[in-house]
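Q: Please go through the terms used to describe this structure. What cut-offs stand behind them?

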Amino acid sequence: MERAIERICILYQQEQIELAVEEGVDYIIAETFTTLAEAMLAVEAIKGYGKGIPSVVTITAHLHDDEQKRKLTVDNVEITEAIKKLESAGADVVGLNCANGPDTILSYMELIKNSGVKVPLACVPVPYRTTPKEPTFMLLTDPVTGEFVFPTNLDCALCTRDDIYKFGRRCDELGISYIGLCCGNAAAYTRTLCESIGRKPPASKYSPRMEVHCLFGKDERVFKNHSKQSLEKYCCKKGQNIISFSSCI
């Protein structure tokens, strides 16, 4: 019976995969699986019907600890073992996506990186400030009210662009070559992530340039419309120099 259900799942995916192949996709993404078993079925389906098109297969890390404090998937497979099974099954890129924010997902990715997986790694977190205490964005609470914020009040837990930049830099240091952002992403985040690894997408022309900011800038053009005295009045604390204030932000 179990194998019959698995076969139905694979046949359900067959149509999607064959359509993707017909339309000439470069690779197939299979993601947001809460169990290794689901992800393995996806690999089997892609291998069976994908006509050799590469696959990126990622697990959503709703992890829990066993007695040895090892991180286990929902179906009780140690996370590095789970990723290695996907690799052995034929996935071309493996890793984690969704649920975890940059800080918590990177702690898991470091385990995976150090486990000896040889295929390229993928890391696609949600842009929220998850913590070891609240490791997924479903568990985040409002720092003021203490209430759960998922799904409609997640705004208070959003990452800053600096958070995203640091995430991209850390992925680059770890050699994680497939990176992105999942639920909650925005254009400015994507631009920042690209810039963190040295890319300059067209949208980089909109990146902030604080040196020409109308209040905080140090560029000489700023003073065409504002005197130093007026800027000090609007921007500086008493006795603080405008130039030093500008440089600190």
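A: Residues are called buried under 20% relative accessible area, exposed over 50%, and partly exposed in between (1.4 Å probe, protein chains only). This is a predicted model, in which local features need pLDDT of at least 70, side-chain atom pairs count only at pLDDT 80 or more, and totals for chains, interfaces and linings use all residues. Residues are numbered from 1 along each chain as its sequence is written, and side-chain values use heavy atoms, with hydrogens and water left out.

Q: Why is Cys183 called partly exposed?
A: Its relative accessibility is 36%. Cys183 is in the loop between S7 and helix H6 (187-196); helices (H or I, at least four residues) and strands (E, at least two) are DSSP runs numbered from the N terminus.

Q: What makes Cys98 buried?
A: The relative accessible area of Cys98 is 7%, and the limit is under 20%, so Cys98 is buried. Cys98 lies in the loop between S5 and H4.

Q: Which residues does UniProt list for "binding site"?
A: The unreviewed UniProt entry gives Cys98, Cys182 and Cys183. They are spread over 86 residues of sequence, yet their largest C-alpha distance is 6.7 Å. UniProt positions follow the numbering used here, feature names are shortened, and annotations may be inferred rather than shown by experiment.

Q: What does Cys98 contact, leaving aside its neighbours within four places in sequence?
A: Contact means heavy atoms within 4.5 Å. On that basis Cys98 is in contact with Thr60, Val124, Pro125, Val126, Cys182 and Cys183. With residues up to four places away again not counted, Cys183 touches Cys98, Val126, Pro127, Tyr128 and Phe137.

Q: Why are S1 and S7 called edge strands?
A: Two strands pair if DSSP finds at least two bridges between them. Five strands form an open, parallel sheet in the order S1-S2-S5-S6-S7. S1 (28-33) and S7 (178-179) each have a single partner strand, so one side of each has no neighbour in the sheet.

Q: How do you know that S5 pairs with S2 and S6?
A: S2 (residues 55-59) and S5 (residues 93-97) share four bridges in the parallel sense, and four bridges also join S5 to S6. Since at least two bridges are required, both pairs qualify. Thr58 stands opposite Gly95 in S5, and Asn97 opposite Val124 in S6.

Q: What makes S5 largely enclosed?
A: Five of the five residues of S5 are buried, so the rest of the structure largely encloses this strand. Val93, Gly95 and Asn97 cover one side, while Val94 and Leu96 are buried on the other.

Q: What is the largest nonpolar core?
A: A nonpolar core is a set of buried Ala, Val, Leu, Ile, Met, Phe, Trp, Tyr and Cys residues joined through side-chain atoms within 4.5 Å. The largest such set has 43 residues, with Ile83, Leu86 and Leu96 making the most contacts inside it. Helix H2 (residues 36-49) gives the most to this core, eight residues. Apart from it lies another core of ten residues, among them Val124, Val126, Tyr128 and Phe137.
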